Amino acid sequence: MSELRWNREFALEQAADDLELLQELLDIFKESLQSDITIMEQGLADKSAEQVCGAAHSMKGAAASLGIQGINDVAYEIERDSREGGLGVAEENMELLKKLLSELKKL
């Protein structure tokens, strides 16, 4: 789980120390991240930096709210590059995002 760099204490604090709520938020984020990855892959196929940027922005915010720094950092770099019209950072990091999603699913 080290690549996720999850600050569980921060996430639990965001969930008002409610473990059940935290698990629900994590489950929602897992689905959201899967969807964002799919959108990003489609954006790459369509050469749409705007679509990639939107998906990266979504995953960045959700990851930050749950203290998942590993996903937040990757999404930040993808968003920054795609905001300038680039797709290279997204292309280079798709496998890493999928790996992070796989790790996240174990939480």
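**Entry 1: start at Arg 80**

I looked up Arg 80 and found it partly exposed, with a relative accessible area of 44%. For this I took buried as under 20% relative accessible area, exposed as over 50% and partly exposed as in between, with a 1.4 Å probe and protein chains only. The model is predicted, so I noted that local features need pLDDT of at least 70, that side-chain atom pairs count only at pLDDT 80 or more, and that totals for chains, interfaces and linings use all residues. Residues are numbered from 1 along each chain as its sequence is written, and side-chain values use heavy atoms, with hydrogens and water left out.

The side chain of Arg 80 meets that of Glu 77 in a salt bridge, at 2.7 Å from N to O. A salt bridge here is a side-chain nitrogen of Lys or Arg within 4 Å of a carboxyl oxygen of Asp or Glu. I found both residues in helix H4, three residues apart, about one turn of the helix. Helices are DSSP runs of H or I with at least four residues, strands are runs of E with at least two, and both are numbered from the N terminus. Glu 77 is partly exposed, at 31% relative accessible area.

**Entry 2: other salt bridges**

I searched the whole structure and noted eight salt bridges. One of them joins Glu 3 to Lys 99, with the closest N and O atoms 2.6 Å apart. Glu 3 lies in the segment before H1 and Lys 99 in helix H5, so this pair ties together parts that are 96 residues apart in sequence. Glu 3 is partly exposed at 34%, and Lys 99 is partly exposed at 40%.

I then looked up Lys 98, whose side chain meets that of Glu 41 in a salt bridge of 2.6 Å, N to O. This pair links distant parts of the chain, with Lys 98 in helix H5 and Glu 41 in helix H2, 57 residues apart. Lys 98 has 34% relative accessibility and counts as partly exposed; Glu 41, at 30%, also counts as partly exposed.

**Entry 3: the nonpolar core**

I looked for the largest nonpolar core and found 30 residues in it. Such a core is a set of buried Ala, Val, Leu, Ile, Met, Phe, Trp, Tyr and Cys residues joined through side-chain atoms within 4.5 Å. Met 40, Ile 68, Ile 71 and Leu 104 have the most contacts inside this core. Two or more residues each come from helix H1 (8-14), H2, helix H3 (49-65), H4 and helix H5 (88-104). H2 gives the most, with seven residues.

I listed the contacts of Ile 71, leaving out residues up to four places away in sequence: Leu 4, Phe 29, Leu 33, Met 59, Ala 63, Leu 100 and Leu 104. Contact means heavy atoms within 4.5 Å.

**Entry 4: Glu 79**

Is Glu 79 buried or exposed? I found it buried, at 3% relative accessibility. Glu 79 is placed in helix H4 (residues 69-83). Beyond residues up to four places away in sequence, Glu 79 touches Cys 53, Ala 56, His 57 and Lys 60.

**Entry 5: Ile 28**

I looked up Ile 28 in helix H2 (residues 19-45) and found it exposed, with 55% relative accessible area. Leu 21, Leu 25 and Ile 28 make a nonpolar surface patch of about 230 Å².

Note on methods. Patches are made of residues with over 30% relative accessible area and no salt bridge: like charges are joined within 9 Å, nonpolar side chains (Val, Leu, Ile, Met, Phe, Trp, Tyr) within 5 Å. Accessible areas come from the Shrake-Rupley method with a 1.4 Å probe; for residues, only the protein chains shown count as cover.
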